[in-house]
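Hi everyone, thanks for coming.

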Amino acid sequence: MKSLQAELDNCQNNECHLTKDIYLAPLVISRPCRIHGNGAVILCRENEDIRIQSDNVELNNLCIEAEDREKCVKPLVQCKQDTVFKNVIVHGTVSDGLYTNDDSDLPSVFDLGEFKSDTANTFSLELMVDEACTISSTASCIKVVPEQLNKGKNVIALSTSEIRDDVLIYAKLLLMGRVTREIIVRGKSTNSAAAHNDSVLTGQADFANSFNDSLTVNLLPPNVKDNNLNILKKGQRTVINSANSEVKIQLAYDKKVKQFDIDGYVFLLDDLGKTHGDNDLIFWGNKVSDDGAVIMTDTGTETFFSVHLDKVSESIKKIDICYSIYGDDVTETFRCVENPYIRFLVDGIEQERFLLTGLQTEKTIVAVEIYRHNGAWKLNCIGSGYREGLKRLCEEYGLEVIG
């Protein structure tokens with residue numbers, strides 16, 4: 001990750017253009033400038049913040065968040081009264097010396113649960129906001145009324161369109177004031193559920209994140225070249241030594257020739273290769289499986305999946321670990337990723353690496369599969385995928401994603 005201060009200091013004019021990447025705070029802006037984020041993320045670690053000390057500063061198209069909200073400086077952003085934010089998402093407190101905007105009263109998640117398919121459903125929810133703002137949904141199947149919120153307590157109606165059976169909803173509510181706030185909305189349409197007519201929703205903190213934070217998760221050992229590692233190839237299968245093992249899997253590579261995000265996904269599958277529901281998809285929005293067997297860990301500097309084989313539910317026969325390049329740009333494929341490979345660790349020791357060779361036009365790949373065979377767990381090196389993105393992958397596993 002790059003130092004944002006170094007990027008700004010090296011900029012020769014007052015127009016600083018970032019790439020879609022993760023940049024590290026702290027940052028002090030002491031001269032008039034305009035920072036074009038292009039979708040970049042500014043990550044503030046413990047006791048780090050962003051301080052805008054100059055007039056005539058504009059930030060646009062980026063996200064500012066804390067690595068750990070409990071350990072980060074309050075406020076996260078200190079600015080001037082004339083500082084301009086355009087399409088800037090902030091997870092934390094913003095203060096200009098006169099006014100303070102805090103998102104601590106906003107829930108992280110509104111969980112719709114299961115709702116009636118092929119029927120319009122309506123939910124009532126309460127929001128407390130620090131400033132007048134506009135609210136909208138990132139999914140066309142979800143509408144919110146009213147669109148204009150006043151400072152203080154607001155009661156809004158959230159409605160779904162007539163969504164067909166067995167569709168997973170994962171969208172965001174965007175609260176756009178001086179800065180933008182995000183609230184996740186998730187749920188699933190099903191024919192067997194009851195229809196909702198003004199059902200009251202209670203917001204909640206992100207359970208997956210809080211659960212994940214409460215676990216003791218040992219980080220991965222350094223990624224180093226080791227000629228003694230067993231190198232696996234496409235199509236190769238190997239036995240995992242113990243059913244009680246903790247398996248960790250991480251995607252690594254030499255470099256990307258284009259700047260884009262690669263997101264990881266784990267699908268928990270039955271003997272027919274299908275999920276039982278949306279909770280069987282583990283990813284950045286649902287980091288812990290219901291049985292606690294699969295955990296996604298994101299430290300800000302590395303991301304990996306942990307699988308506790310002794311905790312996996314008996315109904316789960318296969319665990320597929322997949323990766324997808326974010327975005328719709330057809331030129332951004334795994335051809336742009338140099339020498340990708342999968343690190344495979346058992347009980348904290350890296351035992352094997354699977355070289356992901358031959359990838360060209362794929363945007364989404366199934367990297368490896370862990371599966372039960374004659375009472376034991378085995379690893380299958382797959383390393384193939386689709387030109388299409390995540391939506392196609394979800395459909396293969398019996399999920400449909402909107403949003």
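Let's begin with C16: its sulfur lies 4.5 Å from the closest cysteine sulfur, the one in C11, and that is too far for a bond. A disulfide here means two cysteine sulfur atoms within 2.5 Å, and a search of the whole structure finds 0 of them. C16 counts as buried at 4% relative accessibility, and C44 is buried too, at 0%. For burial, the cut-offs are under 20% relative accessible area for buried, over 50% for exposed and partly exposed in between, with a 1.4 Å probe and protein chains only.

A quick word on what you're seeing: this is a predicted model, where local features need pLDDT of at least 70, side-chain atom pairs count only at pLDDT 80 or more, and totals for chains, interfaces and linings use all residues. Residues are numbered from 1 along each chain as its sequence is written, and side-chain values use heavy atoms, leaving out hydrogens and water.

Now the rings. How many aromatic pairs does a search of the whole structure find? It finds 3. Rings of Phe, Tyr and Trp (its six-membered ring) pair if their centres lie within 6.5 Å; planes under 30 degrees apart are stacked, over 60 edge-to-face, and the rest tilted.

F267 and Y397 make a tilted pair, 4.4 Å centre to centre with 35° between the planes. Both residues are buried. Next, F283 and W284 have ring centres 5.5 Å apart and planes at 75°, so they are edge-to-face. F283 is buried at 9%, while W284 is partly exposed at 35%. Finally, ring pairs join Y265, F283 and W284 into a cluster.
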